[in-house]
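Me: Could you take a close look at one residue and its surroundings in this model for me? I'd like one connected walk through it, with the cut-offs spelled out.

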Amino acid sequence: MPVGCPEPRQLQDLLLGHLGESASVRMERHIERCDRCTGVLANLTAEDSLVEALRARANVVLAPADQNAVRALIPRLHRLHSTATSCRKEPLP
Ligand SMILES: [Zn+2]
């Protein structure tokens, strides 16, 4: 690693906004002139996108199961509701 290159972890901190302003500016100036760090940064953002995609996918995987469970419940709820209303003796408002 050439002298002066920040660690990948520091680049990640920069992406996440964990660095102070002066450190961020210093690092950004370095990255502008450093192809290596630009590549590392591109990889880091790609990984973040991948993680986000995986998270989104996890939600999508869970949602259909939930929807099916809810869909299966709806007819039962309707039956319960009609039973409850037909048993109800008090007059409607
Ligand atoms: Zn560098």
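Reply: Happy to! L14 sits in helix 1, where helices (H or I, at least four residues) and strands (E, at least two) are DSSP runs numbered from the N terminus. Before going further, please keep in mind that this is a predicted model: local features need pLDDT of at least 70, side-chain atom pairs count only at pLDDT 80 or more, and totals for chains, interfaces and linings use all residues. Residues are numbered from 1 along each chain as its sequence is written.

Now to the surroundings. L14 is buried because 20 other C-beta atoms lie within 10 Å; the label buried needs 20 or more such atoms within 10 Å of the residue's own, exposed means 12 or fewer, and partly exposed lies in between, with C-beta atoms placed from the backbone. Setting aside neighbours within four places in sequence, L14 is in contact with L19, S24 and M27, contact being C-beta atoms, placed from the backbone, within 7 Å. The C-alpha atoms of L14 and E28 are 8.6 Å apart, although 14 residues separate the two along the chain.

L14 also belongs to the largest nonpolar core, whose 6 residues are L11, L14, M27, C37, V40 and L41. Such a core is a set of buried Ala, Val, Leu, Ile, Met, Phe, Trp, Tyr and Cys residues joined through C-beta atoms within 7 Å. Helix 1 (8–16) and helix 3 (35–87) each give two or more residues to this core, and helix 3 supplies the largest share, 3 residues.

For contrast, take A23 in helix 2 (residues 21–33). A23 is partly exposed because 14 other C-beta atoms lie within 10 Å. Its C-alpha atom is 9.9 Å from that of Q10, 13 residues away along the chain.

Stepping back, the chain has 3 helices and 0 strands, and 8% of its 93 residues count as buried. As for confidence, pLDDT (the predictor's confidence in each residue, from 0 to 100) averages 77 over the chain, with 71% of the residues scoring at least 70.

How values were computed
Contact = placed C-beta atoms within 7 Å.
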